[in-house]
Amino acid sequence: MDARCAENEEASMPLLVQENNLTNGRITPQLFMSVPTLNEAASYIADTTSYLTSCLPQFSERAVPRRSFANEQELVTFSSAQREDSGAVSDMVCSETTQLLIEAPHRDGFRRTSADLSSGSTGALVESAPSTTIPYGITLFQGLIDKARRTVRGSADDIGWLQRDPSQPPAEDGTERFMEILDLIRHGVHRLPKPAVYLLIPGLFSNHGPLYFTSTKASFSKMGLACHIAKIHSEAAVEKNAQELRDCIEELYWGSNKRVMLLGHSKGGIDAAAALSMYWPDLKDKVVGLVLAQSPYGGSPIASDILREGQLGDYVNFRKLTEILICKVLKGDMAALEDLTYEKRKEFLKKFSLPRELPVVSFHTEAKISPAVLATLSRVAHAELGESAKLPVVMPLGAAMAACAQLLQLRYGERSDGLVTCRDAEVPGSIVVRPKLKLDHAWMVYSSLNDDPSEADASQVCEALLTLLMEVEERKKLEFAKKDK
């Protein structure tokens, strides 16, 4: 009896084999090269996690398939017995059973295996295939580190990707000529032709801003110009709006027998460019050209950072919260924001690019980043109190744009108008206007309550951009005429 107990006790003793270091090849020592503090914290957490994993064997390991460590071994115990039943057919043999029990690592870094040994059974220790289990704590922490690295990196590799593409034509600087035209306009010299129709395409969430582009349309109407604001659902997908704009352009052309000059702001410029790219054979004789004002033609880091998967925001389901805001609250389409991400813009431009013969002017600005801008209020709507009394509805859009511009400057080192970086707003092959005017993204369409009369307003800037577009179209005509000759 004592011998049998001793035998069972001996069989149940830990049979241990050394493992390799779990952190080998799994956790990078230098996680955040540019942020030493984060790197030290990550290293400390990694060491702590490894220690806790070794202290809690019964909870710290789950079966997770992966590549095994080179020197890891397991011990298995085989027990077999052959029994004969006197009443059974001869030559019947009991099947051999194999039992493998793998327990979690102990503090000394070894594994142990045990099996209850019945009387008469024989045990043999053999080496099995490499282990397919890893500590769950390390796996969880590695996933956290990957999400943190992806979050910190953000859109750093995507900003300005169009400018780095060698297949894209270079842009031409037209800032000096633009400033000359703007100065003439401020002195009462207007050169926009009347035999044309001017179509203004608003950007994202314009359906919730009744004053979007209204001051520009009123200014153009006073000059006797036919000006329209496109009635599209700005929160819809780019390709859907492109089809609606195609129909709108054809309607304006056949109704007036005049060609159309397009000016799109923000996502409106993306929608207009998509219409001309996708339906150019139908529109080439009906369109003069296109102005993209503060449009994220290459993509938007704001949209990409919000919707990118595999970030720390996944833990709070940030994407779902954004979807509720756009789809439920604003009654829009999630695709409207997705189409502005770098991934979607790359896919679209690979299929559809702007025609080389189309005159294009792209315009971008840089937002003010100063304490004074925090007091700036923008008039986004007005409440009618009677037949003539109107109460302006204002929002601190300037402060919001300044905060976003500061964030993009600190995180990526990029100049922006608060939502669109300057590099992503430049269309390859276009005439680019890079004024030194400090104008945020909202200023282009919403007038401020404290406008300085000595500075140009949004309607004058739009007029100058369209005048420049007219000159570009004339120059392209001469170039193509020379090629034909």
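## Contacts and overall make-up

Of the contacts in the protein chain with a separation of 6 or more, 79% are between residues 24 or more positions apart. Contact here means heavy atoms within 4.5 Å. The chain holds 15 helices and 14 strands. Both are DSSP runs numbered from the N terminus: helices are H or I with at least four residues, strands are E with at least two. Buried residues make up 44% of the 485 residues. Buried means under 20% relative accessible area, exposed over 50%, and partly exposed in between, with a 1.4 Å probe and protein chains only.

This is a predicted model, in which local features need pLDDT of at least 70, side-chain atom pairs count only at pLDDT 80 or more, and totals for chains, interfaces and linings use all residues. Residues are numbered from 1 along each chain as its sequence is written, and side-chain values use heavy atoms, with hydrogens and water left out.

Two strands pair if DSSP finds at least two bridges between them. Strand 9 and strand 10 (residues 287-293) pair in the parallel sense over 6 bridges. Leu263 stands opposite Val291 in strand 10.

Axes are lines fitted to C-alpha atoms, for helices over the stretch in contact; angles run from 0 to 180 degrees between N-to-C directions.

## Helix 5 against helix 15

The axes of helix 5 (residues 175-186) and helix 15 (residues 458-484) come within 9 Å and cross at roughly 125°. That makes helix 5 oblique to helix 15. Angles under 35 degrees count as roughly parallel, over 145 as roughly antiparallel, 65 to 115 as roughly perpendicular and the rest as oblique.

Helix 5 contributes Arg177, Phe178, Ile181, Leu182, Ile185 and Arg186 to the contact. From helix 15 come Gln460, Val461, Glu463, Ala464, Leu465, Thr467, Leu468 and Glu471. The residues of this contact divide into 8 nonpolar, 2 polar and 4 charged. Ala, Val, Leu, Ile, Met, Phe, Trp, Tyr, Cys and Pro count as nonpolar, Asp, Glu, Lys and Arg as charged, and the others, Gly among them, as polar.

## Loop residues

Ser266 sits in the loop between strand 9 (260-265) and helix 8 (267-278). Ser266 counts as buried, at 10% relative accessibility. Leaving out residues up to four places away in sequence, Ser266 touches Gly203, Ala293, Gln294, Ser295, Pro296 and His441. Pro195 lies in the loop between helix 5 and strand 7. Pro195 counts as exposed, at 62% relative accessibility. Its C-alpha atom is separated by 8.5 Å from that of Leu225, 30 residues apart along the chain.

Most residues other than glycine have a negative phi. Phe213 has a positive phi, near 70°. It lies in the loop between strand 7 and helix 6, and is buried at 0% relative accessible area. Asn257 also has a positive phi, of about 60°. Asn257 is in the loop between helix 7 and strand 9, and is exposed at 62%.
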